[in-house]
Amino acid sequence: MTTMRPSLDRAADLRTEPGILDRLRAAPTTRVIAVRQGRVRIAGTESDETSLLRVEPSEIGDATWALLARDAQGAAILLAALAPEADTVDTTPDETWLGLRDLGGRLAGGETELLIEALALAGWLRDAPFCPACGGGTEVRQAGWSRQCLVCGKEHFPRTDPAVIVAVESPDGERLLLGANANWGGRMYSCFAGFTEAGESLESTVHRELEEEAGVRLASLDYVSSQPWPFPRSLMLGFRAVAVDVDEVRADGEEIIDVRWFTRSEIASALAGEGPVGLPGAASIARALIVAWLEDRE
């Protein structure tokens with residue numbers, strides 16, 4: 001889950017400066033994070049010092065450019081969003097291309113924040129080249145953080161879609177309810193999640209999703225934390241909830257194919273990779289919610 005205070009300086013004050021990207025690409029201290037098909041280049045994967053690979057702008061060919069941040073020394077960090085077939089500098093054995101799920105929790109907090117920003121912005125720059133109002137072509141503005149239509153003049157910004165994710169415990173607090181999504185083929189169980197619909201509050205979303213997916217009524221719920229999830233542009237808002245009872249649970253049979261109450265010993269065993277089921281990976285807020293529930297009573 002994310003920290004309460006951001007550790008990343010996104011350099012928003014520079015975005016409206018005319019010619020800012022050209023100036024920064026020419027600066028000797030500027031470094032670039034390249035993104036291709038939802039993956040970034042990583043350095044040091046065999047050690048505990050895994051980090052995002054930063055290269056000089058001159059090492060990148062054709063790309064869509066954006067300003068991501070400033071580092072601790074004030075140097076700019078740019079994004080180069082590459083086409084799938086794009087060539088970049090040759091890699092060495094300790095460098096590779098990995099996605100967010102591949103990396104799990106191996107990056108430090110600041111690096112993870114930068115990774116998610118890069119993936120989310122690169123996805124938007126790739127997927128939104130045309131104006132949703134009139135269909136005209138758009139031009140990138142604000143150092144990659146907006147697009148202006150060349151036909152109707154409307155300005156568009158990256159979207160963020162809110163979604164809830166909920167860890168539901170039994171009334172006595174000794175069991176956790178998890179569901180198996182149909183897309184996972186019953187191999188993994190996780191917290192319940194769903195997108196907020198138009199005109200719906202987060203709290204209403206939580207109650208609706210649990211009733212729809214698991215037939216569960218909730219006695220209480222509390223917000224815990226959030227996690228940006230760039231697949232393609234979600235913000236996962238994490239909750240803890242207490243069920244009214246444990247007897248009426250049932251899977252909806254479409255999105256969720258099974259729901260089960262798990263004891264603390266079963267959750268501890270699953271987190272250790274010893275069964276009885278698989279749980280979400282370390283990169284997800286779902287796993288963080290499960291771990292937090294288990295540790296509450298230890």
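How many bridges join strand β7 to strand β8? The views below come from a predicted model, in which local features need pLDDT of at least 70, side-chain atom pairs count only at pLDDT 80 or more, and totals for chains, interfaces and linings use all residues. Residues are numbered from 1 along each chain as its sequence is written, and side-chain values use heavy atoms, with hydrogens and water left out.

**View A. The hairpin of β7 and β8.** Four bridges join β7 (residues 138-141) to β8 (residues 146-149), and the two strands run antiparallel. Strands pair if DSSP finds at least two bridges between them; helices (H or I, at least four residues) and strands (E, at least two) are DSSP runs, numbered from the N terminus. Thr 138 has Cys 149 of β8 as its bridge partner. Four residues lie between the strands, and Gln 142 in the turn has a positive phi of about 50 degrees.

**View B. Helix α6 (residues 285-296).**

**View C. The surroundings of Ile 267.** Ile 267 touches (heavy atoms within 4.5 Å) Leu 176, Leu 178, Phe 262, Leu 279, Ile 290, Trp 293 and Leu 294, not counting residues up to four places away in sequence.

Key. The expected span of a helix is 1.5 Å times one less than its number of residues.
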